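Q: Could you walk me through this structure, one feature at a time? I would like the general idea, then the case at hand.

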Amino acid sequence: MVYSLAASTLTVAAPLGCDAAPAEGAEPTAATTRRPSDVLVTGADEEMLVLEVTEANKVVVRLPRVEVGQGVTTAVAMMIAEELDVRLADVDIPLADARAKGNQFTGGSSSVRSLYGPARELAALARAKLVTAAARRWNLPARSLHTRNTKVIAPDGRSATFGSLTASAARITRPAVSSKPKPASRHRVIGRPTTRIDARDIVTGKAKYAGDLAVAGAKPTVVARPPTLGGKLVSVDSRVARAMPGVHAVVKVAGGVAVVAESFHHAFKARDALRITWAPGPLASLSDAAIRSRLRAAVPRLGNPPSGSAQTEGEFEFAFVSHAPMEVLTAVADVRAGHAEIWFSSQTPMDARESIASAVGLPSSKVKVHVIRGGGSFGRRLNYDAAIEAALISKAARRPVKLMWSRADDIRHGRMRPASHHRIRASHARGRVVAFTHVMASVSESYEGKGLSAQGSARDGVTPAVAPASGPLPSDSGLYNFGRVSGDSGSVELAMPLGAWRSVDSGTMRTAEEIVVDEVARSLGKDPIAFRRTTLRNKAVKAVLDKVADAGDWGRTLPAGQAQGVAVHEEYDSCVACLVEIDATDPKNPRVTKVVMAADVGTAVNPRGLEAQLMGTAIDGISTVLQAGLHIDRGAVRESSYADFHYARQRHAPLRFEAHIMPSRREPGGAGELGVPAAAGAVANAYARATGSKPRRFPLNF
């Protein structure tokens, strides 16, 4: 359904709920059978995606998602430009504030999928109304007119900008031309590699992040935090800090002691001058070895294999991993007696609004959350730790604040991908796998008590959103024809701040499975790609595998210590294959030299954006397999910056990267998280073949 909204300019809206289709066999209702243009709504429903054509000849869509570098604003602008025949430069995609209801969740590779239909339908209806308005103005048949470059054009060459028609188009209830979206065969914008609409703003510094905001009276703020996870403040002597130049306030918060100052320099200097006594956190006696031991013990039994079968087995360990987005967590908060206003980057702004309101003791209707673009996320901004903390500091200090978590703050006290332990057994007989079992255990979050707002939980027991796990074990999706597939999971509860990390469960589970697939092929004396070709169920997965094998010259001769590796993954109605070449001549310092990826995501709205997403997942795979992880030492995270949290840098990036986008006219699938498992699995398999080893603990340098 697409609706016309009562407005002085052309404004149309489409609902954005759960995007659920009617149940099969259900009787159609009046709402589902009525023509979209028959409906006139008297106010902009919060659950809708709303498009407005302004008198300035701009098309504005206030997006109920967040831009964190994934390019969703560009993709939506392309959808609008395609159907409305406007110049991309005339499309403005600001981010919507937190709403009271509807769907503002950004995650699960769902944004393009959920917006593809509504955005195109909105633009198609707006175009039909604008053409009809021009036809009435010129007294010409509407079907004789066409649109181009944000104008309606008559056969005799006359033209009218959309802005000049917007008021009259708003009064049209029944367009004289079709309001259906174009067929894929007529697409001229969708599917064309396009530079991001915000690229120039980003590289010139015009793009604004939370740290760039100049909110009246908001002063730079930092927090002194305990040395261990969940450590408690015992006492603080703040006399020296309070007397330092530029210091406005020192206040206690659940996670430590906050300093509000004239500049971040002043704030950090005063923070370091605080004399604090801390009580150790609940994990003070726990380190990596003990956590790994607990995880190993929590993994369910594999059970008995089929009689008469041979076994290929493996146990795999994955370390904790920080999200470490390039932009550190920052939030601006202005909490007053009767209302609050917060500015920050959030993937879950509606949940954040409720939690902030509960934390500061206000009704949610009195809390306004402005969603700001983010400099990376990878799942980190699903949680709103910094926003809750900023609101509590603002309330305690009785003034607006601009809170910044330092890099060390976020790595040592922020969310992280949980550590996990996996056991996998592939049973094979007569040259094929007859049973496949994957059991695992991961660390799960367990906080004792309430009020741990600095770690992401609001007061009164309100817990911030964490993206749901990706469902049952990925093996259960039937990627391979492996006979009886089964799995089970256990958990170890620890008081740690965990969060969904890009690709969530699949990033570890499918990585381990793809390693075992290679080892099964080896035990059966088969080439890894040839073996996959004979066992993959989905033709689309076989096609992306064949593409990387051909483009990557699979099987070519490489010097000793170098090798190729491959892996595939299927999720989000999409699939991907990755081929990697690695130089492990020095096994302790391997270098991925080449990455070739192929993806089938249905309609790729912006192939250039998809290529960037795949490139990012390749770096994620290289990093988390080879060198990036977090150590826990006596209840504390050892790492504190990029200096010791070893994410891939330029010298670790592949010398050559290729992305091949498979042609398709079906609707888009998900892409943002898709490539991580395939990239990680391919890196691990390449390393195994280059070194003749069986990698079992990741990252390899742990």
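A: Start with strand pairing. The model is predicted. In strand 4, Met48 is the bridge partner of Pro15.

Q: In what sense do strand 2 and strand 4 pair, and over how many bridges?
A: The general idea comes first. Strands of a sheet pair through backbone hydrogen bonds, and the pairing is either parallel or antiparallel. Here, strand 2 and strand 4 (residues 48–53) are antiparallel, with five bridges.

Q: What does strand 1 pair with, and in which sense?
A: Strand 1 (residues 3–5) pairs with strand 2, also over bridges: two of them, in the antiparallel sense. Tyr3 faces Ala13 of strand 2. The link from strand 1 to strand 2 is a hairpin of five residues.

Q: Is strand 2 largely enclosed or open, and why?
A: Count its buried residues. The cut-off for buried is under 20% relative accessible area. Strand 2 (residues 11–15) has four of its five residues buried, so the rest of the structure largely encloses it.

Q: Which residue follows helix 2, and is its phi positive or negative?
A: Look just past the helix end. Asp85 follows helix 2, and its phi is positive, near 55°.

Q: Now a sheet further along. What is the strand order in the open sheet of four strands?
A: The order is 25-26-27-30, and the pairing is mixed. Strand 25 (562–571) and strand 30 (656–661) are the edge strands, each pairing on one side only. On average, neighbouring strands of this sheet are turned by 10° against each other, direction ignored.

Q: Which helix packs on this sheet, and which strands does it touch?
A: Helix 15 (residues 607–626) packs there, touching strand 26, strand 27 (591–600) and strand 30. Its direction makes about 130° with that of strand 30.

Q: How many bridges join strand 25 to strand 26?
A: There are 10, and the two strands run antiparallel. Strand 26 covers residues 574–583. Ser574 in strand 26 stands opposite Glu571.

Q: How many disulfides are there?
A: The test is a sulfur pair within 2.5 Å. The count is zero.

Q: Last, the whole protein. What radius of gyration does it have, and what would a compact globule have?
A: Compare the value with the globule rule. A compact globule of 702 residues would be near 27 Å, and the protein has 27 Å, which agrees. The C-alpha trace spans about 80 × 75 × 50 Å along the principal axes.

Q: What percentage of the residues is buried, and what percentage of contacts links residues 24 or more positions apart?
A: Buried residues make up 58% of the 702. Among contacts with a separation of 6 or more, 78% join residues 24 or more positions apart. The protein has 16 helices and 31 strands.

How values were computed. Residues are numbered from 1 along each chain as its sequence is written. This is a predicted model: local features need pLDDT of at least 70, side-chain atom pairs count only at pLDDT 80 or more; totals for chains, interfaces and linings use all residues. Side-chain values use heavy atoms; hydrogens and water are left out. Buried means under 20% relative accessible area, exposed over 50%, partly exposed in between (1.4 Å probe, protein chains only). Two strands pair if DSSP finds at least two bridges between them. Axes are lines fitted to C-alpha atoms, for helices over the stretch in contact, and angles run from 0 to 180 degrees between N-to-C directions. Contact means heavy atoms within 4.5 Å. The radius of gyration is taken over C-alpha atoms; the globule rule is 2.2 Å times the number of residues to the power 0.38.
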